[in-house]
Amino acid sequence: MRLPAVVAAALASLLLALSPPSVEAFGRPAASFRPAGDVAASSATKMDMVRRTPMTMPTTTPMVPYKPPGQDYAQFIDIYSRMMRDRTMFIGTFIDNDAANNIISTLLYLRKDKPGEPISLYLNVPGAVLRPGLAVYDLLGQLRQDCEITTVNLGLCTGMGALLAGAGTPGKRCAMPNSRFLLQRVGLDQPFRGQASDIGLEVRDVKKWNERLEAELARMTGQTASQVRADMKRDFYLSSEEAVRYGLIDRVLLPAPQKRAAAG
């Protein structure tokens, strides 16, 4: 039995509509057919992945709001500038010539800005070049005559960093409970080339300044020069409690409950 032409055409159009096309307009491949349940599940999965994106810290210097005196609105400045407005400095890099110049210029500005106001230094210094480190140390010695300087070792102070941690005002040299100090001699600032006599002069000069470093540590800690020299023949590590007993700092900053327990 043959169907009328009109019925056959209608059935063909219906079958064509029910079957997904393999090619869309403009020659692009058609999307594969998925049931409505699969589409909803995929959307939920994508939303769940967006919600679980981890939060990360900014890769640049953090910015914090600051409201200048007399202003109606706050402005965002970097956190180190905000700390320096409170006369607080964070030193957490290797101290070379550039870093020493930045530290010295900042300290001189703080002394000029508010003479006599205390300054707080938070240290986490992995090391320092000998001569620039001694320049910062000398300036701290001058500043102690004009204002109170508080030093706090946050993590590890190595070499000249340990000397700077002990350069604060007596009674204000502190360290965190799990911080450490590393006393060690300092070598050449950079590889030195030249005649043997020139190399000998450079080595003799470095040896002289290391002896000066040992003398400053002996004066600061109350240890004898021979004891300091013997301790610094090799890397000499000190915990925060050992640094107090050695005379390098004055106290360890403990949480309040431990303070009450220690007090008995």
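**Contacts, sheets and helix packing in the predicted model**

Leaving aside neighbours within four places in sequence, asparagine 124 is in contact with Ile91, Gly92, Thr93, Gly155 and Leu156. The model is a predicted one. Asparagine 124 sits in the loop that links β4 to α5. Its relative accessible area is 32%, so asparagine 124 counts as partly exposed; the band for that class lies between under 20% (buried) and over 50% (exposed). Asparagine 124 also lies 8.1 Å from phenylalanine 90, C-alpha to C-alpha, although 34 residues separate the two in sequence.

Arginine 87 counts as buried because its relative accessibility is 6%, and the cut-off for buried is under 20%. Residues up to four places away in sequence not counted, arginine 87 touches Leu110, Arg111, Lys114, Glu117, Pro118, Ile119 and Ser120. One of these contacts, proline 118, is 31 residues from arginine 87 in sequence. In space the C-alpha atoms of arginine 87 and proline 118 are 7.3 Å apart.

The chain as a whole comprises 10 helices and 10 strands. Of its 264 residues, 29% are buried. The accessible surface comes to about 17500 Å². Carbon and sulfur atoms account for 57% of that surface.

Five strands form an open sheet with parallel pairing. Their order is β3-β4-β5-β7-β10. The edges are taken by β3 (88-91) and β10 (251-252), each of which pairs on one side only. Within the sheet, β4 (residues 119-123) and β5 (residues 149-153) run parallel and share 5 bridges. Leucine 123 stands opposite asparagine 153 of β5. Helix α4 (residues 97-113) packs on this sheet and touches β3 and β4. The direction of α4 makes about 170 degrees with that of β3.

A second open sheet has 3 strands, in the order β6-β8-β9, and its pairing is mixed. Strands β6 (156-158) and β9 (236-239) stand at the edges; each has a single partner strand, so one side of each is left without a neighbour in the sheet. With direction ignored, neighbouring strands here are turned by 15 degrees against each other on average. Strand β8 (residues 180-183) pairs with β9 in the antiparallel sense, over 4 bridges. Arginine 180 stands opposite serine 239 in β9.

Packing between helices is illustrated by α5 and α7. Helix α5 (residues 130-143) meets α7 (residues 196-221) at an angle of about 35 degrees. The two axes are 11 Å apart, and the crossing is left-handed. Helix α5 contributes Leu130, Arg131, Leu134 and Tyr137 to the contact. From α7 come Glu202, Asp205, Val206, Trp209, Asn210, Glu216, Arg219 and Met220. By class, the contact comprises 6 nonpolar, 1 polar and 5 charged residues.

Definitions and conventions:
Residues are numbered from 1 along each chain as its sequence is written. This is a predicted model: local features need pLDDT of at least 70, side-chain atom pairs count only at pLDDT 80 or more; totals for chains, interfaces and linings use all residues. Side-chain values use heavy atoms; hydrogens and water are left out. Axes are lines fitted to C-alpha atoms, for helices over the stretch in contact, and angles run from 0 to 180 degrees between N-to-C directions. Helices (H or I, at least four residues) and strands (E, at least two) are DSSP runs, numbered from the N terminus. A crossing is left-handed if the near helix is turned anticlockwise from the far one by less than a right angle, and right-handed if clockwise. Contact means heavy atoms within 4.5 Å. Ala, Val, Leu, Ile, Met, Phe, Trp, Tyr, Cys and Pro count as nonpolar, Asp, Glu, Lys and Arg as charged, and the others, Gly among them, as polar. Two strands pair if DSSP finds at least two bridges between them. Buried means under 20% relative accessible area, exposed over 50%, partly exposed in between (1.4 Å probe, protein chains only). Accessible areas come from the Shrake-Rupley method with a 1.4 Å probe; for residues, only the protein chains shown count as cover.
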